[in-house]
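Please look over the sequence and the model shown here before reading the briefing that follows. The points after it are grouped by topic.

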Amino acid sequence: MTAPTTTSAAVRRRVTVRGTVQGVGFRPYVHRLAAGLGLTGFVGNTAHGVCIEVEGPAADVERFCGRLAEEAPPLATVTAVAVEETPATGTDPGFTIRATEQSAPGRTLLPPDTATCAECLRELADPADRRHRHPFITCTHCGPRFTIATAMPYDRAVTTMSAFAMCPECAREYEAPADRRFHAQPVACPDCGPRLRLVPAAGSGVRAARDGDALSQARELLAAGRILAVKGIGGYHLACDASAAHAVDTLRTRKARGDKPFAVMCADLAEAERIAEVGPAERAALTSPRRPIVLLRPRRDVRLATGVCPGSPHLGVMLPYTPVHTLLLGLPGDPPGPRVLVMTSGNRSGEPIVTDDDEALTRLSGLADAWLAHDRPIASPCDDSLLRIRADGTEQVLRRSRGYVPRPLRLPVPVRPALAVGGDLKNALCLGEGDLAWFGPHIGDMGDLATLEAAAAAERHLRRLTGVRPELVAADRHPGYHSSAWARRRSARLPSSAPVFVQHHHAHIASVMAQAGLDGTTPVIGVAFDGTGYGDEGTVWGGEVLVADYTGYRRLAHLAPAPLPGGDAGVANPCRTALARLWAAGLPWDPDLPSVSACTAEELRLLERQLPSGVGCASTSSMGRLFDAVSSLAGVCHRAGYEAQAALELEAQACQAWDLDTAAYPFGDRFDPAPVLRALLTDLRRGTPVPVIAARFHRGVAHTVAALCRRARRDTGLDTVALTGGVFANALLESASAELLRDDGFTVLLHGEVPPNDGGLALGQLMVAAHGRPGHEGRKTARYETE
């Protein structure tokens with residue numbers, strides 16, 4: 001920063017502020033700061049960020065420039081302040097906010113959607129306030145941003161609030177520099193803002209209503225055990241009373257959700273602490289402006305329906321983040337109602353979250369008894385984020401969406417403008433240019449046309465907000481992925497029409513490397529454990545130890561393979577996977593084994609023919625499938641109704657015995673699970689409790705991770721290990737592996753803001769595509785493909 005001169009004559013400075021400085025009250029803050037120092041000039045939004053010209057006594061101008069970044073609003077993130085000298089004019093009548101420049105090229109950053117702030121909550125509950133019970137109360141410190149913005153620079157004209165003309169009182173607040181709503185783009189009130197309406201399902205016996213009556217009826221419906229579709233910031237939720245077993249079971253049946261856990265929304269922090277164990281780090285995450293779903297240990301005396309999270313070691317909990325949520329759960333003095341609500345994504349299984357009101361009436365028909373809707377359009381869907389807190393208080397994000405998107409990630413090395421489309425599960429795309437990368441919101445599983453269309457719309461929206469124009473498209477190497485086919489079509493519209501296809505586990509490792517700030521000059525030992533990934537020889541990988549950098553990788557070790565009956569379609573049947581693992585280990589299918597008993601006679605006959613011939617089988621080294629097999633062998637889960645159910649329920653069992661038993665099942669020298677299976681069957685026949693079996697398996701995996709990394713260190717001289725892939729979302733396995741590695745002198749890289757599962761895959765694809773594309777002089781270990 002150029003220091004202003006210190007003479008008493010008036011000086012003028014042009015200041016450009018970059019970062020997350022639009023939609024956060026930065027211009028009103030600058031206005032108050034300048035006016036308080038008696039300075040003249042102006043401030044305005046541009047495509048570069050915020051542009052300021054300030055004039056006055058040199059000492060005051062210097063104070064202004066020094067305080068500018070230090071005292072910025074709570075939602076602002078200042079990344080750069082550039083100051084230029086310019087001639088004083090003496091013509092400014094005061095300090096003003098100028099209209100936004102719409103045409104200048106450049107880039108600025110938009111903040112994520114933010115939970116209702118404490119001041120707005122106070123007004124919401126105050127009968128004397130004109131926004132008492134206003135479902136859309138907001139200010140410069142809170143409310144929607146990403147999901148209402150349609151373009152940049154950020155201004156009301158380019159948001160979905162543009163159709164709502166401000167009433168005189170809101171306009172006065174909007175123009176008053178001392179007001180908290182000064183230039184708050186979503187500002188509205190009951191007289192001029194969006195309106196709520198309750199739409200009944202046919203034959204439900206519910207009557208239509210609007211505004212306050214709609215909310216009152218909605219609360220009555222929830223208290224009566226009915227299911228409500230609620231339109232929020234980033235899409236619809238399906239809600240019901242979490243303590244009403246019939247309501248929870250009905251929602252589970254209607255949504256065909258199987259036993260997949262539901263998340264719940266608690267009225268306040270005290271309610272969350274009544275149903276789950278909440279430590280200081282969990283409390284900070286729950287109450288942060290991001291308001292994610294946080295995985296917590298449920299209390300044993302929790303008074304929720306058992307159908308909320310059957311078989312899971314965790315309960316997903318969040319707090320209200322919109323005024324509508326707060327009003328649904330009740331203000332002081334409201335009639336009694338549910339204090340904990342199931343709050344699950346408003347969609348049918350496998351489909352993207354619903355945002356459009358007319359579409360909601362169709363796609364959620366048969367699921368909801370009524371719709372609590374409003375007329376503020378959603379510019380982009382944005383599902384709830386999900387995270388867990390480690391024992392050391394750090395966060396592991398498992399789904400990065402609302403509250404995080406579109407906050408950029410700083411890259412350790414620059415990349416050319418590129419789009420990475422991720423994978424087919426937990427899809428989230430990523431745009432990058434220079435030293436910044438932007439994840440799009442969580443899309444979900446790319447299994448149908450609606451999800452592909454949602455992904456394409458997410459990319460268009462993110463491009464509009466970031467200004468990135470991709471020159472390159474990266475995707476997963478799997479030839480059958482829907483995301484890879486979309487990448488081919490998307491790439492055909494670019495001058496360099498060939499997409500770059502990145503090996504799945506290489507992308508996982510590159511993802512955690514980028515998050516850790518590694519520039520790639522030194523490779524790492526990457527341990528990538530997940531359910532599936534297309535391997536070099538066309539088999540299914542998933543239990544991999546690679547030495548990797550951004551330009552390539554070499555496979556050092558892998559789990560001994562076994563057949564996967566039915567390929568990907570067989571994943572829903574852990575009992576079959578278990579028998580395939582026994583067959584590969586040369587172990588008999590004794591009739592008393594839980595996995596054998598779980599299979600039908602027809603399944604057994606088919607497997608007896610299928611496994612020796614290999615017909616209809618894929619060879620897999622997947623650690624995720626081994627977890628499935630052990631879960632079935634231990635009698636925990638034989639049929640999976642959702643992804644990773646068997647492994648999740650096995651982890652829940654292991655948690656019960658983790659501090660009671662320290663034994664570990666041994667793997668063979670060549671990362672062979674046969675010794676594990678033999679030891680497990682011996683324990684099973686001895687009557688060893690299932691939790692102890694589960695704990696011994698988890699410890700066995702952790703010990704073999706440490707042993708494999710020691711061997712890799714001897715072979716390569718490397719001592720940095722990256723733990724990645726969806727299997728490391730398992731808290732027990734990740735913590736045990738990391739502890740053993742650190743005790744052995746390794747530097748361990750773990751995922752934080754970037755998910756370890758396929759939700760973080762696109763960042764790794766972006767880094768590999770930028771550094772390992774054809775023509776790049778990479779290492780001899782480099783493997784990359786184009787069409």
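The secondary structure of the protein consists of 22 helices and 29 strands, where helices (H or I, at least four residues) and strands (E, at least two) are DSSP runs numbered from the N terminus. With a radius of gyration of 28 Å, close to the 28 Å that the globule rule gives for 787 residues, the protein is as compact as a globular protein of that length; the radius is taken over C-alpha atoms, and the rule is 2.2 Å times the number of residues to the power 0.38. This is a predicted model, in which local features need pLDDT of at least 70 and side-chain atom pairs count only at pLDDT 80 or more, while totals for chains, interfaces and linings use all residues. Residues are numbered from 1 along each chain as its sequence is written, and side-chain values use heavy atoms, with hydrogens and water left out.

**Overall dimensions and packing**
- Taken along the principal axes, the C-alpha atoms fill a box of roughly 90 × 70 × 50 Å.
- Of the 787 residues, 61% count as buried, meaning under 20% relative accessible area with a 1.4 Å probe, protein chains only.

Terms used:
Buried means under 20% relative accessible area, exposed over 50%, partly exposed in between (1.4 Å probe, protein chains only).
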